[in-house]
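Work through the exercises below with the sequence and the structure open. Each task is followed by a solution in steps.

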Amino acid sequence: MKDGTHRIVVMGVSGSGKSHIGALLASRLGVAFIDGDDYHSPANVDKMANGIPLDDDDRREWLETLAGLIGDHRRRDASLVLACSALKQRYRELLRRGDSELAFLFLEGRRDELRQRLAAREEHFFRGEAMLDSQLRDLEPPGEAEAVVCSISDTPEAIVENFLEALPDIRR
């Protein structure tokens, strides 16, 4: 990042480990971490808790809120790591309204691996295979020019290290 700070989005479908990896990355960098799930509206949380996938309209206000948080950090010259699914290209473009130099870490995983992880969750509002399948259908994986792509099969520490090595301009 040109200004010595960095705004990073850790993205992927539910179960990919966005929150865990995001928190590890933020801790490693000594910067703020925001879990995008904390900014869903009560209506969105209720839909997901009832196994109803979100659509573009459901996600729009949420993504605009997250873009605003990113923009606030950019204006304050503050670094940030944000966990957000950012499933579609247009969602990532909306997030970039907050910072055109936003960096993305895409956590890529196989459906069976993701399903296993989701089944192990006890206290999360995202429920059901139908919702995972919906996210996988909606996913427009970013290319290497748009994001650093890491496999969820790697250890969380290896993922963080691979991301940092791929973006040498991020101070560690």
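**Exercise 1.** Decide whether Cys 84 is buried or exposed, and do likewise for Cys 150. Then find how many disulfides the model has.

*Solution.* The model is predicted.
Step 1. Cys 84 has a relative accessibility of 1%. The cut-off for buried is under 20%, so Cys 84 counts as buried.
Step 2. Cys 150 has a relative accessibility of 5%, so Cys 150 counts as buried.
Step 3. A disulfide is a covalent bond between the sulfur atoms of two cysteines. The pair of sulfur atoms must lie within 2.5 Å.
Step 4. The cysteine sulfur closest to that of Cys 84 belongs to Cys 150, and it is 17 Å away, too far for a bond. Cys 150 is therefore in no disulfide, its nearest cysteine sulfur being that of Cys 84.
Step 5. The count of disulfides is zero.

**Exercise 2.** Compare the span of helix α3 with the expected one, then examine the ends of the helix and its packing.

*Solution.* 
Step 1. α3 covers residues 56-75, which is 20 residues. From first C-alpha to last it reaches 28 Å, close to the 28 Å expected at 1.5 Å a residue.
Step 2. At the N-terminal end, Asp 55 caps α3, with a side-chain oxygen 3.1 Å from the backbone nitrogen of Asp 57. Just after α3, Asp 77 has a positive phi of about 55 degrees.
Step 3. The buried residues of α3 include Trp 62, Leu 63, Leu 66 and Ile 70. The elements that the buried residues of α3 pack against include β1, β2, β3 and α4.

**Exercise 3.** Why can the buried residues of α4 be said to line one face of the helix?

*Solution.* 
Step 1. Tyr 91, Arg 92, Leu 94 and Leu 95 are buried in α4.
Step 2. Looking down the axis of α4, these buried residues fall within an arc of 155 degrees, so they line one face.
Step 3. The buried residues of α4 pack against β1, α3 and β4.

Note on methods. Residues numbered from 1 in each chain as written. Predicted model: local features only at pLDDT ≥ 70, side-chain atom pairs only at ≥ 80, totals over all residues. Heavy atoms only, no water. Helix = DSSP H or I, 4+ residues; strand = E, 2+ residues; numbered from the N terminus. Expected span 1.5 Å × (residues − 1). Buried < 20%, exposed > 50% of the residue type's maximum accessible area, 1.4 Å probe, protein only. Contact = heavy atoms within 4.5 Å. Polar contact = N/O pair within 3.5 Å; in protein donor to acceptor, adjacent residues only side chain to side chain. Arc of directions from axis to C-beta.
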